[in-house]
Amino acid sequence: MSYAETPLTMECQGDTLVGILTQPETPAPLGVLIIVGGPQCRTGSHRQFTLLARGLAQQDIPSLRFDYRGMGDSTGTLRNFEEIQEDITSALQGFLTHSPTTRRIVLWGLCDAASAAIFHTRLNPEIAGLILCNPWTRTEQSLAKAQIKHYYRSRLTNPQLWKKIFSGQLKLTQSLRELCSAVLKTTRSSPTQDSLLPLPERMQQALADYTGPTLLILSGQDLTAREFEDTVKTSDLWKSWLSSPVVTRHDLPEADHTFSQRHWNNQVIQHSAEWVNSLVHKEFS
């Protein structure tokens with residue numbers, strides 16, 4: 001093996017986080033903290049994060065993947081992605097403590113973990129970069145709009161749909177009811193707490209304060225990714241961020257949300273490793 005995997009425990013506000021440090025023989029000075037999208041543990045769907053950590057290590061990049069409180073082997077109460085900033089801080093500090101050759105950290109997140117990484121840039125300006133896969137920007141309206149635009153519209157032009165309708169295999173009344181419900185949601189205002197902006201606007205504000213490099217990876221066959229793209233189109237600030245020279249984008253047209261096939265996952269690993277190593281070259285050469 002060209003790397004070692006070491007279990008770690010880290011204290012977080014009275015609870016214990018459990019993680020796995022994956023350390024190559026000759027580690028780069030830049031490490032990757034893998035934030036797990038919830039609710040799931042540090043292994044990830046189809047061992048996604050385990051394979052990611054090992055793939056990075058094979059290209060000399062150390063990483064730490066961990067369970068935040070209430071998940072996997074970590075103690076405490078389960079919380080959502082907007083409530084794990086202390087968990088990220090504890091894991092980051094544990095990473096730097098147990099990997100003394102690591103000088104700076106890149107945050108890697110999929111789905112709502114990508115959103116959590118964006119929020120964390122406000123707490124830690126020393127973050128070296130972000131790797132965001134299919135970021136979560138969902139609201140009730142954005143989901144309804146995405147369903148109409150990217151799901152119902154494509155189904156209406158699918159000959160198999162009409163075949164099922166005329167053969168009686170499809171419950172047409174139920175499908176029409178679902179479509180009408182989605183249309184109504186696009187015109188409905190989302191309830192928000194006092195002074196709490198919708199999620200996309202809060203993410204946008206956090207990114208406005210962050211000027212570091214970002215790698216964005218989007219799946220072609222994923223509704224969450226389509227919602228993100230639709231959100232970007234509605235805001236000049238989002239569009240300005242996406243077109244910034246600090247943002248590198250890769251699209252995987254055939255991939256699903258979690259890059260479930262091995263060759264998709266390998267592409268994510270390769271894009272991530274190449275991008276991190278480019279930062280190493282810029283910062284430490």
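Which residue forms a salt bridge with R42?

What we have here is a predicted model, in which local features need pLDDT of at least 70 and side-chain atom pairs count only at pLDDT 80 or more, while totals for chains, interfaces and linings use all residues. Residues are numbered from 1 along each chain as its sequence is written, and side-chain values use heavy atoms, with hydrogens and water left out.

Let me begin with strand 3, residues 30–35. Helices (H or I, at least four residues) and strands (E, at least two) are DSSP runs, numbered from the N terminus. Six of the six residues of strand 3 are buried; buried means under 20% relative accessible area, exposed over 50%, and partly exposed in between, with a 1.4 Å probe and protein chains only. In a regular strand the side chains alternate between the two faces of the sheet. Here both faces are covered, with L30, V32 and I34 on one side and G31, L33 and I35 on the other.

Strand 3 has two parallel partners to discuss, where pairing requires that DSSP finds at least two bridges between the strands. With strand 5, residues 104–110, there are six bridges in the parallel sense, and L107 is the bridge partner of L33. With strand 4, residues 63–67, there are three parallel bridges, and V32 stands opposite S63. Strand 3, helix 1 (residues 48–57) and strand 4 also make a right-handed β-α-β unit; right-handed means that, with the strands pointing away from the viewer, the path from the first strand over the helix to the second runs clockwise.

I turn to the interior. A nonpolar core is a set of buried Ala, Val, Leu, Ile, Met, Phe, Trp, Tyr and Cys residues joined through side-chain atoms within 4.5 Å. The largest has 41 residues, and those touching the most other members include L33, I88 and L107. Helix 3, residues 112–120, gives the most to this core, with six residues. Apart from it lies another core, of 30 residues, among them V32, W108, C133 and V268.

I88 belongs to helix 2, whose buried residues also include D87, L92 and F95. Contact means heavy atoms within 4.5 Å, and, leaving aside neighbours within four places in sequence, I88 is in contact with L33, I35, F66, L107, A116 and H120. The buried residues of helix 2 pack against strands 1 (3–12), 2 (15–24), 3, 4 and 5, and against helix 3.

Now to the salt bridges, of which a search of the whole structure finds 14. The criterion is a side-chain nitrogen of Lys or Arg within 4 Å of a carboxyl oxygen of Asp or Glu. The partner of R42 is D73, with the closest N and O atoms 3.0 Å apart. R42 lies in the loop between strand 3 and helix 1, and D73 in the loop between strand 4 and helix 2 (85–98), 31 residues apart. R42 counts as buried because its relative accessibility is 15%, whereas D73, at 49%, counts as partly exposed.

In a second pair, R69 and D87, the closest N and O atoms are 2.8 Å apart. R69 lies in the loop between strand 4 and helix 2 and D87 in helix 2, so this pair ties together parts 18 residues apart in sequence. Both R69 and D87 are buried.
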